[in-house]
Amino acid sequence: MRNENEFDVIIIGAGIGGLGAGNFLQAKNPELKTLIIEQNNYPGGYVSGFTRKGIYFDLGAEGMLNFEKSGSNKILNELGFNHPVIQIEPIEANYRNNDFLKMYSSRDKLLIEIETKYPHEKENVVKFLNECDAINNEIIALGITSPKLSFRKLLEIIFKYPKLRKYGLLKFSHLLDRFLTDENVKNLFKFYCTWLALKSNEITAPIAANIVSEANTFGIHYPVGGMLAFAENLADHYRKNGGQIQYKSKVEKIIISKGAVKGVKLSDGTIVKSTWVISNADLQRTVFDYVGEENFSKPYLKNIKRKDLSITGALLFLTVEKIDLTRYPPHFNISEEIDFDCLIDRLRKGYFDYEFLGVRIPSNIDPNLEVGNKKSMIILAFTPFDWNNNWKAKDKIERKSDYKQLKKEVTQKIIANVEKAIPNLSEHIIFSELATPLTFERYNLASKGAWYATRYDQIVGDFKSQIKNLLFAGSNVSGGGVGTSLFSGLKTGEYLSDKISEKKK
Ligand SMILES: Cc1cc2nc3c(=O)[nH]c(=O)nc-3n(C[C@H](O)[C@H](O)[C@H](O)COP(=O)(O)OP(=O)(O)OC[C@H]3O[C@@H](n4cnc5c(N)ncnc54)[C@H](O)[C@@H]3O)c2cc1C
């Protein structure tokens, strides 16, 4: 007979990857005893939100690329989970010279916009998007679910998929240069790489073509009620199928004995036993802190150690009142004369210049998020983690007056820049709070506050670890992004579900 502190599977982290894995396992195996251990008191990790004085804020992600028709949504529907989503349209807009250039998922609307602003490039953009679609169609037909390609898939590419064969080893910059002539237009499409912390000459052409094609065909979706509502719905669905979630509990160690997982030790000293452990937590922390170097081979450790992290930044949360923002696109960037490749270069050199800001107005997507005449705005700025001597927090623990003063200065500069697009905004602000990269590191336990985990070109790409019965789920191994992390969690859950079924036979 098992005691109550003994489980079949423990999942570390209720991020979207952990929730995906838990939902798959528990829906397919209701008799299974699984537990998600989450150090925060809410689900979702970066797919979450909070409420201040009755106004809701997303705390991380604000959109899901092609969620409605995605593989993840299909699997979730099969598991009995549904959450309504709203299409964000335009998907993005760029504010420059007192004007917005809007990027639409509707091809017709996008081409009208390009024709109006860059008439000389319209035909080129048509050809470019057609090529991205053709590459993406081959990716879909080949059924690539992980960046790690098997030998069989490589052979298939060589013999059956001409576009992937042609572009497989080329970078996105090559594709842009081949079809487009105007640097401003190229820059519009480079933006998608910025999220992955890569320049257009670093990201492979097929990966970028996949993102461009999906965004400019199927669009980007927002869950009704906000990101937290989506995560809570997933957590509820998991619990309804018999899963358990323990909030405010931090895993300090993964217990390994004779090369196999035995359970976890929490920071309060409690031991929770399990046959399997799935880590949705940060990869480096899982390997070096929770498991310990002694349990991995030297080449594996070297590989993990040298990984660069993705992008991080600051988020400014604002509650505004008595201001009509409905004429603004729900997601827009203030990016006067900025080239996204240069932005990445400057960030890598440790520079933060406020020249690129992302403005998010959730109530312009879901009007129910406006309460009375008050609504939230979220301003996003990419910044280096260690900017200004770790944000003047020195050893990162010391967040005293210098850190607070710096946050005030940054807040003022950000608001001043947003006022270029929304005049007199400051007169309508009744609440403001700035989250820095240090905040993300602290609240999500993400190395250096990384928003998209390991840089996309350096991901491990395998949910199996070197330790028996230890698996990974989420952006640790799949690369960042809501859809990618969720899909990774569902696939880890599917793998373990199959393994457990095999054992039963
Ligand atoms: C500001 C921002 C904007 C973004 N915008 C978008 C966007 O618009 N679209 C998009 O697709 N993606 C976006 N992303 C990226 C996306 O949100 C993430 O890649 C994805 O949500 C990662 O999910 P995950 O489950 O892998 O990890 P996480 O969300 O990091 O979840 C990990 C969970 O594990 C918990 N945990 C960690 N260690 C422990 C421990 N020791 N014990 C217990 N619990 C632990 C954490 O508290 C957390 O809940 C954004 C991210 C940020 C930060």
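Select K464 to start. K464 sits in the loop between helix 16 (437-444) and strand 19 (470-472). Helices (H or I, at least four residues) and strands (E, at least two) are DSSP runs, numbered from the N terminus. K464 counts as partly exposed because its relative accessibility is 41%. The cut-offs: buried is under 20% relative accessible area, exposed is over 50%, and partly exposed is in between (1.4 Å probe, protein chains only).

This is a predicted model, in which local features need pLDDT of at least 70, side-chain atom pairs count only at pLDDT 80 or more, and totals for chains, interfaces and linings use all residues. Residues are numbered from 1 along each chain as its sequence is written, and side-chain values use heavy atoms, with hydrogens and water left out.

**Surface patches**

Together with K464 they gather in a patch of positive charge on the surface. Patch residues have over 30% relative accessible area and no salt bridge; like charges are joined within 9 Å, and nonpolar side chains (Val, Leu, Ile, Met, Phe, Trp, Tyr) within 5 Å. Lys and Arg count as positive, Asp and Glu as negative; His and the chain ends are not counted. Each charge is placed at NZ of Lys, CZ of Arg, CG of Asp or CD of Glu.

Now pick F151, L154, L155, I158 and F159. They make a nonpolar surface patch of about 540 Å². Areas come from the Shrake-Rupley method with a 1.4 Å probe; for residues, only the protein chains shown count as cover. L154 belongs to helix 5 (residues 151-160). L154 is partly exposed, with a relative accessible area of 39%.

**Salt bridges**

The count comes to 24 salt bridges, each a side-chain nitrogen of Lys or Arg within 4 Å of a carboxyl oxygen of Asp or Glu.

Go to R360 and E92. Their side chains meet in a salt bridge (3.4 Å, N to O). R360 lies in strand 16 (residues 357-360) and E92 in strand 7 (residues 92-96), so the pair ties together parts 268 residues apart in sequence. R360 is buried at 2% relative accessible area; E92 is buried at 9%.

Next, D133 and R107. They form a salt bridge at 3.0 Å, N to O. D133 is in helix 4 (residues 122-142) and R107 in helix 3 (residues 107-117), 26 residues apart.

Finish with E441 and R285. Their closest N and O atoms are 3.8 Å apart in a salt bridge. E441 is in helix 16 and R285 in helix 11 (residues 283-291), 156 residues apart. Both E441 and R285 are buried.
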